[in-house]
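I opened the model to look up how its parts pack together. My entries follow the order in which I checked them.

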Amino acid sequence: MGYKTLCFGFSCILFAYCLYSPIPENIEEPWKVRIMDTLIKLASRMAILFEKIGLMKYEKIFSTAATFYIVQAVSDENVTVIDTDFNNIPVRLYLPKRKPERKRPAVIFIHGGIFVFGSCKIAAHDNLNRLTSNKLGAVVVGLDYRLAPQYPFPAALEDCVHVTKFFLQDKVLAKYRVDPSRICIMGESSGGTLAVTVTQLLRNDPEFKNKIKAQALIYPGLQMIDTFLPSHREYEHGPILHREMMLRVASLYVTTESSLTQALLRNEHMPEGSRHLFKFVNWSDFLPEKYKKSHVYTEPVLGKLNASYPALMDSRLFPLLVNDSQLQNLPLTYILTCEHDQLRDDSFIYITRLRSVGVQVIHDHMEEGVHGALSFTTGSLALHLGFKIRDRYIHWLEENL
């Protein structure tokens with residue numbers, strides 16, 4: 001009885017500690033955000049404990065939780081929903097039922113989840129893609145790429161490229177009556193990372209370089225060269241996305257060695273010979289003055305890791321590492337950022353660099369925004385912010401696709 005009481009008391013203290021962690025003042029529905037933030041922190045602490053006692057790996061608690069939100073492919077009066085595969089990679093298709101007056105637009109949707117968990121089939125994404133298909137009369141392709149750590153870099157990217165190229169074939173576009181001049185690739189969070197890289201790679205492929213009209217990026221992560229950007233420091237403890245959890249999970253896309261996570265946390269992970277890459281992510285050159293505040297730029301420390309991870313210098317992993325000449329011919333770009341998000345500055349750097357080489361960029365910034373809100377549009381903790389982001393994204397598609 002005493003043991004149970006002790007555990008209960010400890011749990012209450014831990015919950016209270018998490019629940020009363022500071023939340024930015026201008027966030028909408030602060031109690032909902034606080035509760036979700038608390039649940040994520042508790043899950044992270046449980047995952048650390050479970051891994052220490054050998055019950056399960058840290059990331060397993062998050063990937064398991066994500067599976068509870070997966071829904072079946074159910075058609076309705078407006079949209080036919082089909083689970084199939086492109087090039088042996090699972091996809092979910094959303095096909096509008098109404099007869100089009102002309103060929104349809106199309107959206108390729110890439111989900112987030114720090115490369116380790118998630119699915120295009122979770123309820124929030126299913127609702128988003130269903131609504132997109134119905135409102136735009138568009139074919140939507142949601143793809144389920146392979147996940148780390150079982151499938152490390154570049155597995156997820158390869159799957160996204162293969163699905164995109166398969167869909168962009170003339171015979172496939174004709175089958176679904178898609179207009180080849182009205183195709184957008186969209187990604188949220190780490191899905192945004194993948195969407196950016198797919199778009200960059202296709203622009204360098206003569207067969208596909210003109211087949212993507214636009215890219216839509218919702219709070220994407222675009223680099224981990226420098227993990228001390230101002231937004232990384234300001235929102236180290238969230239809300240929603242926490243620095244230690246993010247780096248611990250994201251590093252699994254490269255390796256299961258915990259030494260990389262610890263080096264990332266100290267900003268000491270980059271190998272010797274990588275200093276030439278810092279100019280692409282030097283926030284002191286690219287961030288608006290408003291966001292520099294009192295922060296002082298310091299370079300990441302080189303050569304501290306004994307192991308070598310070539311992926312850390314690969315622009316296919318961190319798309320901010322491409323040079324300006326590779327950015328010049330990118331398509332119309334929509335980027336939505338959230339103020340209270342440690343990934344915020346990645347997008348600000350990308351926006352500055354794209355505009356400097358003449359790429360048309362529409363930037364939608366949510367001053368009251370938090371990372372991941374687009375995934376919180378179902379259940380009792382659904383966020384009004386998530387619906388606002390969804391509606392802004394769909395409105396942009398209606399105007400531009």
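**Helix 10 and its cover**

I looked up what covers the buried residues of helix 10, and the cover includes helix 9 (243-250). Helices here are DSSP runs of H or I with at least four residues, and strands are E runs of at least two, numbered from the N terminus. The model is predicted: local features need pLDDT of at least 70, side-chain atom pairs count only at pLDDT 80 or more, and totals for chains, interfaces and linings use all residues. Residues are numbered from 1 along each chain as its sequence is written, and side-chain values use heavy atoms, with hydrogens and water left out.

I listed the buried residues of helix 10 (residues 258-266) as Leu260, Thr261, Ala263 and Leu264; buried means under 20% relative accessible area with a 1.4 Å probe, protein chains only. Seen down the helix 10 axis, they fall within an arc of 165°, so they line one face. The arc is taken from the directions from the helix axis to the C-beta atoms. Just after helix 10, I noted a positive phi of about 60° at Asn267.

I found an open sheet of 8 strands with mixed pairing, in the order 1-2-4-3-5-6-7-8. Strands pair if DSSP finds at least two bridges between them. The edge strands are strand 1 (79-86) and strand 8 (361-370). Strand 2 (residues 89-96) pairs with strand 4 (residues 139-143) in the antiparallel sense over 4 bridges. I checked Leu93, and its bridge partner in strand 4 is Val141.

Key:
Buried means under 20% relative accessible area, exposed over 50%, partly exposed in between (1.4 Å probe, protein chains only). Contact means heavy atoms within 4.5 Å.
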